Amino acid sequence: MPGLRAVAVFCGSREGNDPAFAVAAAALGRGLAEAGLRLVYGGGGIGLMRVLADAALAAGGQVTGVMPAFLRRREVAHPEVADLITTDSMQARKRLMFELSDAFVALPGGLGTLDETVEILTWRQLGRHAKPVLLCDVAGSAAPLVAVVEAAIAQGFAGPEARAMFEVTAGVGPTLTRLAMLAQPGL
Ligand code: AMP
């Protein structure tokens, strides 16, 4: 994948209550590694973050974790991620994850995942970047965010182009396929 080297993945610091979420996180971590794509993530050693990173590492992938110093205890910095970068704030974490990555994938998660995903979309809305944003839908996980964006458009608070700032991919397989397509020159 010559045009894509690193993909940031946003996901939960908990595993959620559907086993499909962890299955998807593991499949994405493994798939990124097999595609030769560096995983950039929040550096955590808990929840889906851990499942994702463990799978990428087990498949021989390159993994970069980005974590604010104050969170290292609470989110348990992943012990096997050698490339763990410490920042001094959440904002600096998001900024660095953005700079290190060529595309973004949102897996299921909580408020932190939502915050990271929406912020990357607002940066795109403001023309700060044109990097692809994929919402990887697992058991309907992407529907609420899609509904919020569509409601904002319907209420006249966002233009129709807001819906084109991200793509919903129906699971990990289509997400990896889409990343491979995006890496092709001319697309
Ligand atoms: P969650 O989806 O709430 O489990 O959080 C997923 C990840 O997002 C965790 O690593 C959180 O620390 C992180 N996170 C939560 N809030 C923010 C924020 N405001 N900026 C950056 N990362 C955040």
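Author: Leucine 114 has its place in helix α4, residues 111–125; helices (H or I, at least four residues) and strands (E, at least two) are DSSP runs, numbered from the N terminus. This is a predicted model, in which local features need pLDDT of at least 70 and side-chain atom pairs count only at pLDDT 80 or more, while totals for chains, interfaces and linings use all residues. Residues are numbered from 1 along each chain as its sequence is written, and side-chain values use heavy atoms, with hydrogens and water left out.

With a relative accessible area of 40%, leucine 114 is partly exposed (buried means under 20% relative accessible area, exposed over 50%, partly exposed in between, with a 1.4 Å probe and protein chains only). Leu111, Leu114 and Val118 make a nonpolar surface patch of about 280 Å². Patches are made of residues with over 30% relative accessible area and no salt bridge, with like charges joined within 9 Å and nonpolar side chains (Val, Leu, Ile, Met, Phe, Trp, Tyr) within 5 Å. A salt bridge is a side-chain nitrogen of Lys or Arg within 4 Å of a carboxyl oxygen of Asp or Glu. Accessible areas come from the Shrake-Rupley method with a 1.4 Å probe; for residues, only the protein chains shown count as cover.

Helix α2, residues 47–58, has twelve residues and spans 17 Å from its first C-alpha to its last, close to the 16 Å expected at 1.5 Å a residue (the expected span is 1.5 Å times one less than the number of residues). Its buried residues are Gly47, Leu48, Met49, Val51, Leu52, Ala53, Ala55 and Ala56. Their cover includes β1 (6–10), α1 (19–34), β2 (38–41), β3 (63–68) and α3 (90–100). After α2 comes glycine 60, with a positive phi near 80 degrees.

In strand β3 lies threonine 64, which is buried at a relative accessible area of 3%. Its side chain makes a polar contact of 2.7 Å with the side chain of arginine 38 (a pair of N or O atoms within 3.5 Å; within protein, one must be able to donate a hydrogen and the other to accept it, and residues adjacent in sequence count only if both atoms are side-chain atoms).

Arginine 93, in helix α3, is buried at 5% relative accessibility. Leaving out residues up to four places away in sequence, arginine 93 touches residues including Met49, Val66 and Glu116 (contact means heavy atoms within 4.5 Å).
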